Amino acid sequence: MKKWRSVITAALLSLSLAVAGCANQGQSSGASGGDEILVGVLLPVTGNNATDGKDMQNAIEMAVKKVNDGGGVLGKKLKIEVADDGCDPQMATTAANKLVSQNVAAVVGGYCSGATLPSSGVFKNANIPMIVPAANSAKLPAQGYDTLFLINGLTPDQAQTAADYMGANQAKKVALIHDNSAYAKDLADFAKAAVEKSGGTVVAYEAINPEEKDFSALVTKLKGIGPDATYFTGYYAAGGLMVKQFKQKGVSGLFMVGDGSFSEDIIKIAGADNAEGLLITATPTAEFIEGAEAFTTEYKQTYNNLAPGPFSALSYNAVNLLVDALKRANSTDHDALKKAIKETKDFKALGQTISFNAQNTLDTSNFAVLKVAGGKFTLAK
């Protein structure tokens, strides 16, 4: 899933990374020297989205420990190298090039689509497979990279989930708000098409600056319009403030956010009372996944009773998928590993069975609608 300041910025970075990656183009070797297999991890360690980045890193480290405690893979231990993309295209490009220089066998990560777009190009030029557990802009698979594999549902699936829920709840007049990031704009555009296709009307389509703290002008405008539902497709830092201000000013209708705002931080920022009834389109967290009880218990025991985050289970799945592919490839060679990931069929993971289509994305959407009740996320009825 994400944040960047402009689509143009990432496009320019994608062009510039071709120069940085040309020395590695066609490279098929993977890091496997000594007794370790080096795996790159690209996440937001700093910035507004660091909370979700840390949750993902926790799950990745937990999966790696379990693999290593079980004897490793191909007779070697996994070792991760974490690089901070800060959910920023420029930082992501620098971080990706760092991982390439370390000759990682593969990369697990990608939270913000805006940062994942240019970094995926760096890995493509170096022929390094990348498994993405969170970022889900439709622009990612549209690049056509044979090194890029997404195990989260895409924005069109999420948009349709939102439109279906709004339609089922007689929300015909819909306001859409995005923050001009790649992911948020993408989701808003697909939501607009889905709402209109289902017979609804988009009564407002607005963009905000995610660094703003005061949305009073937008709140006043939408209160005058009177939407049946408002769908904010950006991130929780702005989303929490917006939820709070909409509730305090009495804007009509449902308030729904996309998975970029799926974080307990949105409840903290908005305040539990203001967040009550908030709807979220997202991949369900581990607590809602049948068969993930042991994972949730182990996660809490490992991380001081902290519950798994929105993308913890998917990040855990990404590591296990990579390990499965390493075994089937019987090699860390980039070409062999890329082929093995591509050929994944019915891989059983937490809350999902993974097979890849021609675009290297999931065949089946994994989105649901959640609801805040009593200060906690629950499955919406």
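This is a predicted model: local features need pLDDT of at least 70, side-chain atom pairs count only at pLDDT 80 or more; totals for chains, interfaces and linings use all residues.
Which residues line the largest cavity? Residues are numbered from 1 along each chain as its sequence is written, and side-chain values use heavy atoms, with hydrogens and water left out.

To the cavity, then. Its lining consists of Val39, Val64, Leu78, Ile80, Val108, Val319 and Leu322. A cavity here is a set of points, on a 1 Å grid over the protein atoms alone, where a 1.4 Å probe fits but cannot get out, and lining residues have an atom within 4 Å of a point. The largest cavity holds about 40 Å³ of space, the volume being the space filled by probe spheres set on the points, which are joined across faces, edges and corners. By class, the lining has seven nonpolar residues, no polar and no charged. Nonpolar covers Ala, Val, Leu, Ile, Met, Phe, Trp, Tyr, Cys and Pro; charged covers Asp, Glu, Lys and Arg; the others, Gly among them, are polar. At least two lining residues come from each of E2 and H13. These labels denote DSSP runs numbered from the N terminus, with helices (H or I) of at least four residues and strands (E) of at least two.

Strand E2 leads us to the sheet. Five strands form an open sheet in the order E2-E1-E3-E4-E5, with parallel pairing; two strands pair if DSSP finds at least two bridges between them. At the edges are E2 (77–84) and E5 (148–150), each pairing on one side only. Within the sheet, E3 (residues 106–109) and E4 (residues 130–132) run parallel and are joined by two bridges. Val108, one of the cavity-lining residues, stands opposite Ile131 in E4.

Helix H13 (residues 312–329) also contains Ser315. Is Ser315 buried or exposed? Ser315 counts as buried because its relative accessibility is 0%, where buried means under 20% relative accessible area, exposed over 50% and partly exposed in between, with a 1.4 Å probe and protein chains only. Beyond its neighbours within four places in sequence, Ser315 is in contact (heavy atoms within 4.5 Å) with Met56, Ala59, Ile60 and Pro133.

Not counting residues up to four places away in sequence, Phe246 touches Ile177, Val219, Leu222, Thr230, Val251 and Phe255. Of these, Thr230 is 16 residues from Phe246 in sequence, with 9.8 Å between their C-alpha atoms.

I turn now to antiparallel pairing. Four bridges join E10 (residues 279–282) to E13 (residues 368–373), with Ala282 partnered by Ala368. E13 also pairs with E14 (residues 376–379) over four bridges, and Lys371 stands opposite Thr378. Two residues separate the strands of this E13–E14 hairpin, where Gly374 takes a positive phi near 65°.

Finally, backbone angles. Most residues other than glycine have a negative phi. Cys87, not a glycine, has a positive phi of about 55°; this residue lies in the loop between E2 and helix H3 (89–101) and is buried at 4% relative accessible area. Asn127 likewise has a positive phi, near 60°. Asn127 is in the loop between helix H4 (113–125) and E4, and counts as buried at 7% relative accessibility.

How values were computed: On a 1 Å grid over the protein atoms alone, a cavity is a set of points where a 1.4 Å probe fits but cannot get out, and a pocket is an open set with protein on both sides within 12 Å along at least five of seven lines; lining residues have an atom within 4 Å of a point.
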